[in-house]
Amino acid sequence: MALLHTNASTWNHRTVLFVHGIGLQPAGYSEPLYQILRQADSSTVDATRWHEVAYDSVNTALELKVRNLNSVIPQAGQSPTAKQTAEDLVVDLVDYLFTTDPYNWINTVFRKALVGIITQGQNDGVAVRDQSVILIAHSLGTVVSYEGLHSIVTDPQLPGLSSGFRVRAYLTMGCPLAFIKANLSRLKYLNKNFFLGKEPIGRPTRVDTFSGETQSNVADWFNFRQQIDPVASLIPLTMATSNNALSQETFVFNKLHAGINPHDFSNYVTEYSPFILQQIKA
Amino acid sequence: MLFWRPTLAGVFFIFTAPTLWASNYLFLDKPYLDLTEKIQTEADAQASHFLEKGSALETKYKQVAASLRAQISDVQRARLLKKLKPELVVQTKDQQFADNLNSFKDALNYMVQKSGKSPVALFPSYDEWQKVETQAVSQGLDQRLDAFQTRFGPDSEPVNFIEYFGGELLLPGTEAGPSAWEPIARLSPVQATSAGAAVSSAEAGMNYYFVNRPAPAPLRWVGITNHVGLAATLQYLNNPRIFHFQGRPAFGLTLHLDRKELGASWDPDSKTVRVNIGYAFQVVPLAF
């Protein structure tokens with residue numbers, strides 16, 4: 001379902017999973033990101049498996065289902081692009097953040113993508129403990145993955161932590177987690193499962209009932225921010241706002257590699273391709 | 001984006017959610033339950049090497065193992081009674097079972113860590129067990145995705161703001177899937193009526209979606225696979241026209257059969273029962 005590219009050479013037991021943000025994101029949306037990384041180091045990229053979470057079908061279904069979401073949108077703009085963007089903003093944000101079913105649906109899509117990665121490895125004789133997953137999330141995708149990782153950590157079955165599943169490197173780019181967290185208290189929302197709403201920002205954890213240790217399913221968490229990216233910069237995610245959940249202070253840069261949009265996913269991937277590849281190889 | 005925010009903020013402000021977080025679901029089929037019992041036997045054989053006799057950890061392990069074994073037996077027995085196919089994955093919400101399974105896995109991890117060996121070296125069936133577990137979870141997640149598609153996909157009924165947020169407020173789904181129930185509270189713009197060409201109807205009722213199981217065979221035979229519903233209707237049939245709401249009210253009932261609507265109303269003017277048919281195609285935007 002979420003496979004973008006299987007390994008072209010002998011598998012290094014690494015799998016990269018992209019999680020997209022707001023906007024029209026059909027299957028294959030992360031191909032340009034894959035190509036950016038492949039140009040930088042084809043041997044590492046060819047030995048790695050590449051998956052993506054594509055949850056845009058959920059948003060599309062909701063746009064068709066809830067008539068009024070569409071009927072109020074045209075006021076936001078006349079051009080189809082502006083209309084589409086406004087629809088995505090309303091449907092993606094409102095539905096995901098505030099209502100229960102779309103949130104659970106997208107969480108299920110995320111969970112299924114993780115299980116797909118595990119299954120593919122097992123089919124090649126590689127147990128989950130020997131697989132290494134690098135998760136690269138952008139924009140609302142950082143929230144989707146954050147919520148997804150929190151929701152699975154206590155699962156008694158895979159991909160729960162007690163079954164040995166861990167994300168080795170969690171890379172968040174253009175991340176609005178701190179901004180959303182700071183503003184959630186101003187709104188009442190229906191979704192009481194929302195971890196960001198009910199707990200301080202932090203890594204997903206559970207207590208091992210035998211060792212008594214608090215363990216996380218995220219080994220390392222790195223955050224990246226373009227200096228003028230409004231989504232990530234209004235209230236930036238830092239060591240302080242993440243309650244020291246990040247492995248190190250947020251990486252900040254000011255270049256524009258992909259046109260004038262500082263928030264563009266490919267802007268981040270281009271800037272930090274050496275770091276991403278280093279994480280894959282580690 | 002700003003234009004809608006005050007309105008939505010107001011809408012959300014009056015809502016409070018009735019549900020609590022639940023994450024204790026299990027996906028169980030017979031092969032997985034059988035292998036879990038097998039792993040338990042293998043773990044029992046290893047426990048004495050890594051858990052000191054009489055220690056708190058040994059006591060805890062024995063409690064967890066006994067409890068888990070009893071729960072598996074119960075589930076196996078229930079499956080037999082229901083004559084479920086062995087490979088059928090059933091989603092179960094069971095806090096105690098989930099906690100015991102987590103604790104049992106913690107115990108396995110503890111023994112593996114103590115031994116410095118791989119899990120398979122201690123428990124020969126471990127990797128097969130994980131593989132079968134992954135298959136069961138994968139099938140279970142597919143069932144959940146199908147349920148969401150049934151409730152919100154293209155075969156479901158379009159809803160308005162009130163129906164959508166009313167459903168999310170009063171009948172929210174869980175991690176396991178959406179609620180089967182969806183409120184109907186709308187102005188159905190066009191219905192053909194035996195009293196004339198077309199009429200608009202106010203409707204209030206409930207739809208039931210087949211999110212947890214396929215539609216019953218008799219419904220499938222007539223092409224109904226997604227949902228059924230029943231709504232009380234209000235129409236004005238003295239001079240039937242679209243969006244005409246004057247005269248003596250005619251009350252009735254309408255069945256929702258997938259997106260088709262079939263109903264009957266008592267016409268107080270002609271003192272006859274009028275038949276209505278419609279389709280939730282929604283060319284005309286809904287009233288709300």
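The following conversation goes through a predicted model and asks what its structural terms rest on.

Modeller: Since this is a predicted model, local features need pLDDT of at least 70 and side-chain atom pairs count only at pLDDT 80 or more, while totals for chains, interfaces and linings use all residues. Residues are numbered from 1 along each chain as its sequence is written, and chains are lettered from A and ligands numbered from 1 in the order in which they are written.

Biologist: What makes A:Leu135 and A:Leu17 residues in contact?

Modeller: Two residues are in contact if their C-beta atoms, placed from the backbone, lie within 7 Å, and A:Leu135 meets this with A:Leu17 and also, among others, with A:Val167 and A:Leu171.

Biologist: Why are β6(B) and β7(B) called paired strands?

Modeller: Strands (E, at least two residues) are DSSP runs, numbered from the N terminus, and two of them pair if DSSP finds at least two bridges between them. Six bridges join β6 (residues 249-257) of chain B to β7(B), so these antiparallel strands pair. B:Thr254 in this arrangement stands opposite B:Gly263 of β7(B).

Biologist: Which side chains along β7(B) are buried?

Modeller: B:Glu261, B:Gly263, B:Ser265 and B:Asp267 point to one face and are buried, where buried means that 20 or more other C-beta atoms lie within 10 Å of a residue's own.

Notes
A residue is buried if 20 or more other C-beta atoms lie within 10 Å of its own, exposed if 12 or fewer, and partly exposed in between; C-beta atoms are placed from the backbone. Helices (H or I, at least four residues) and strands (E, at least two) are DSSP runs, numbered from the N terminus. Lists of a residue's contacts leave out its neighbours within four places in sequence.
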